[in-house]
Amino acid sequence: MDIEYITTDFEIESSEDLTELVKELKKEMVLQLNRWVENKYRVSLSGPGHYDRPEDTIRHFCELIENLAPKFLNLYLQTDKRIADIGFNSGK
């Protein structure tokens, strides 16, 4: 079995409420988590699901971030943690 790309999840963590940022990003991403967890605001988004390669999903996410209105971009840039987690099926 060949390695098969599934999706890329984007994990964001902050000491600030990210609800307004999430409203902008979920227009083109799939929202998985958006809440306070252990004194941190945590957000998890997945790529839109129509890309065959992780590079394309990550590029799409970066374009979304780069085109955010300044107030949302500043909120994103002030986050404590940003992770792109690539999900794949590795077979056996």
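Which residues does Thr-57 touch, not counting residues up to four places away in sequence? They are Tyr-5, Thr-8, Phe-10, Gly-47, Pro-48 and Tyr-51, where a contact means heavy atoms within 4.5 Å.

This is a predicted model, in which local features need pLDDT of at least 70, side-chain atom pairs count only at pLDDT 80 or more, and totals for chains, interfaces and linings use all residues. Residues are numbered from 1 along each chain as its sequence is written, and side-chain values use heavy atoms, with hydrogens and water left out.

The chain has 3 helices and 4 strands, in the order β-α-β-β-α-α-β along the sequence. Helices (H or I, at least four residues) and strands (E, at least two) are DSSP runs, numbered from the N terminus. Of the 92 residues in the chain, 34% count as buried. Contacts between residues 24 or more positions apart make up 67% of those with a separation of 6 or more.

Two residues are set side by side here.

| Residue | Element | Relative accessible area |
|---|---|---|
| Thr-57 | helix 2 (residues 54–66) | 3% |
| Leu-33 | strand 2 (residues 30–37) | 24% |

Thr-57 is buried, whereas Leu-33 is partly exposed. Buried means under 20% relative accessible area, exposed over 50%, and partly exposed in between (1.4 Å probe, protein chains only).

Leu-33 touches Arg-42, Val-43 and Ser-44, not counting residues up to four places away in sequence. Leu-33 and Leu-45 are 12 residues apart in sequence, and their C-alpha atoms are 7.0 Å apart in space.
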